[in-house]
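Here is a short briefing for a reader meeting this structure for the first time.

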Amino acid sequence: MKLPAKFFLGDSLIILVSLIFIIFAFKTFWHFETGSVVQVNFQGKTYGNFSLFQDKKISLIGHEGESMIEIKDGRARFKSAPCKNQYCIQQGWISYTGQMLICIPNEVSIEILGKTKAYDSLNY
């Protein structure tokens, strides 16, 4: 059975309505809330909660050496870490609720917290 090769007005309308629905769904259901607090975990325990709206550097000495966390301009990042591959540093700045950076060799993690809990496949 051969399909017609022409593109009809109805086809265009279906595509247009579908695109509008997809954009609406993303805007409505997949929003990113800017966080307000950075939770620093060190060796399985909460080291502290720090405001994202302050300039602060946190130095933690772990098994591999010193990990430096920087909080600045409403964002947080690993400024330096002793791990071999530097994956935690390469991830850059984070600022949205639910985002997390982890330095596994040094057992350090930072997570952005906000007003509401961000849900993903791990929390759901």
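Strand β1 (residues 37-42) pairs with strand β2 (residues 45-51) in the antiparallel sense, over 6 bridges. Strands here are DSSP runs of E with at least two residues, helices are runs of H or I with at least four, and both are numbered from the N terminus. Two strands count as paired if DSSP finds at least two bridges between them. The model is predicted: local features need pLDDT of at least 70, side-chain atom pairs count only at pLDDT 80 or more, and totals for chains, interfaces and linings use all residues. Residues are numbered from 1 along each chain as its sequence is written, and side-chain values use heavy atoms, with hydrogens and water left out.

- β1 and β2 form a hairpin with 2 residues between them. In its turn, Q43 has a positive phi of about 55°.
- N41 has T46 in β2 as its bridge partner.
- β1 also pairs with β7: 6 bridges join them, and they run antiparallel. V40 stands opposite I110 in β7.
- β7 pairs with β6 as well, in the antiparallel sense over 4 bridges. Here C103 stands opposite V108 in β7.
- The hairpin of β6 and β7 has 4 residues between the strands. E107 takes a positive phi near 55° in this hairpin.
- Strand β7 (residues 108-113) is mostly covered, with 5 of its 6 residues buried. Buried means under 20% relative accessible area, exposed means over 50%, and partly exposed lies in between (1.4 Å probe, protein chains only).
- G48 is found in strand β2. G48 has a relative accessible area of 15%, so it counts as buried.
- G48 and I110 are 62 residues apart in sequence, and their C-alpha atoms are 9.9 Å apart in space.

**The β3-β4-β5 sheet**

- An open sheet is formed by 3 strands in the order β3-β4-β5, with antiparallel pairing.
- Which strands stand at the edges? They are β3 (56-61) and β5 (75-80). Each has a single partner strand, so one side of each is left without a neighbour in the sheet.
- Neighbouring strands of this sheet are turned by 25° against each other on average, direction ignored. The axes are lines fitted to C-alpha atoms.
- β3 and strand β4 (residues 66-72) pair in the antiparallel sense over 6 bridges. The bridge partner of L60 in β4 is S67.

**The salt bridge**

- The count comes to 1 salt bridge, defined as a side-chain nitrogen of Lys or Arg within 4 Å of a carboxyl oxygen of Asp or Glu.
- E70 forms a salt bridge with R77, and the closest N and O atoms are 2.6 Å apart.
- E70 counts as buried because its relative accessibility is 7%. R77, at 24%, counts as partly exposed.

**The second largest pocket**

- About 190 Å³ of space lies in the second largest pocket. A pocket is an open set of points on a 1 Å grid where a 1.4 Å probe fits, with protein on both sides within 12 Å along at least five of seven lines. The volume is the space filled by probe spheres set on the points.
- The lining has 13 residues, and Y87, C88, I102, C103 and I104 lie nearest the centre. Lining residues have an atom within 4 Å of a point.
- α2 (87-90) and β6 (100-103) each supply at least two lining residues. β6 gives the largest share, 4 residues.

Definitions and conventions: Axes are lines fitted to C-alpha atoms, for helices over the stretch in contact, and angles run from 0 to 180 degrees between N-to-C directions.
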